[in-house]
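Please read the following report with the sequence and the model side by side.

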Amino acid sequence: CEICSKLLTDPRLLPCLHSFCLKCLQEQAANNADSDQQQGVSCTTCGALATLPREGINGFPQNLHLAFEVEVSRIMSQLGAQDLHCGGCGDVCVGTSRSFCTSCYEFLCQSCLEYHRRHHTFKQHEVITLEGDATTRLM
């Protein structure tokens, strides 16, 4: 989050398509209550003023895709060096062969990843490689 400089918690999507923690937006709105911006919050990335929905800050939609990415990152940091078992074949995913299909919600070993890339059924699936704390798009 660009406001708190921490991993996003309950990311909310502003109309300008930038996302921030719900709590950070709530604090920003509370700070703006006495200013000219009492009807909205300013995006700290682009400066656009986002008008508050009727429901207030909670009315900004959740960025579900980003929330999922954050959750995968948290899972990986908690797992650390633990062995991950492939959801396709049951083998242990080791080293840089650790991958995760965001459509199947399965960890994949290198062999199953290659099958995932080739088979027409999985062409539209998004797979990320999990390398320590970093995640990289593969598909």
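L17 is found in the loop between β1 and β2, where helices (H or I, at least four residues) and strands (E, at least two) are DSSP runs numbered from the N terminus. Its phi is near 75°, a positive value in a residue other than glycine. Most residues other than glycine have a negative phi. L17 counts as exposed at 64% relative accessibility, on a scale in which buried means under 20% relative accessible area, exposed over 50% and partly exposed in between, with a 1.4 Å probe and protein chains only. S5, found in the segment before β1 (11-13), also has a positive phi, near 60°, and counts as exposed at 65% relative accessibility.

This is a predicted model, in which local features need pLDDT of at least 70 and side-chain atom pairs count only at pLDDT 80 or more, while totals for chains, interfaces and linings use all residues. Residues are numbered from 1 along each chain as its sequence is written, and side-chain values use heavy atoms, with hydrogens and water left out.

**Overall layout**

The protein has 3 helices and 10 strands, which run β-β-α-β-β-α-β-β-β-β-α-β-β from the N terminus on. Of its 139 residues, 36% are buried. Contact means heavy atoms within 4.5 Å, and among contacts with a separation of 6 or more, 40% are between residues 24 or more positions apart. The protein exposes about 8300 Å², of which carbon and sulfur atoms supply 50%; these accessible areas come from the Shrake-Rupley method with a 1.4 Å probe.

**Nonpolar cores**

In soluble globular proteins, nonpolar side chains tend to be buried together. A nonpolar core is here a set of buried Ala, Val, Leu, Ile, Met, Phe, Trp, Tyr and Cys residues joined through side-chain atoms within 4.5 Å. Which members of the largest core touch the most other members? Of its 15 residues, these are C1, L14, F20, L25, V41, I57 and F60. Two or more residues of this core come from each of β2 (19-21) and α1 (22-32), and α1 gives the largest share, 4 residues. A second, separate core of 7 residues includes C86, L108, C109 and V127.

**Helix α3**

The buried residues of helix α3 (residues 110-118) are C112, L113 and H116. They cover an arc of only 105° around the axis, which puts them on the same side of α3; the arc is that of the directions from the helix axis to the C-beta atoms. The exposed residues S111 and R118 sit on the face of α3 turned away from this buried side.

**Aromatic pairs**

Rings of Phe, Tyr and Trp (its six-membered ring) pair if their centres lie within 6.5 Å, and planes under 30 degrees apart count as stacked, over 60 as edge-to-face and the rest as tilted. The whole structure holds 3 aromatic pairs, including the two tabulated here.

| Pair | Centre to centre | Angle between planes | Type |
|---|---|---|---|
| F68 and F100 | 6.0 Å | 35° | tilted |
| Y115 and F122 | 6.0 Å | 65° | edge-to-face |

F68 lies in helix α2 (residues 64-79) and F100 in strand β7 (residues 99-101), so their pair ties together parts that are 32 residues apart in sequence. F100 is buried, with a relative accessible area of 8%, and ring pairs link F68, F100 and F107 into a cluster. In the other tabulated pair, Y115 is partly exposed at 41%, whereas F122 counts as buried at 18% relative accessibility.

**Cysteines**

How many disulfides does the structure hold? With a disulfide taken as a pair of cysteine sulfur atoms within 2.5 Å, the number is 0. C1 is in no disulfide, and the nearest cysteine sulfur, that of C24, is 3.8 Å away; C1 counts as buried at 17% relative accessibility. The sulfur of C104 is 3.7 Å from the closest cysteine sulfur, in C101, which is too far for a bond, and C104 counts as partly exposed at 29%.

C21 lies in strand β2 and is buried, with a relative accessible area of 4%. Leaving aside neighbours within four places in sequence, C21 is in contact with C1, C4, L7, L8, T9 and D10. The C-alpha atoms of C21 and N63, 42 residues apart along the chain, are separated by 10.0 Å.
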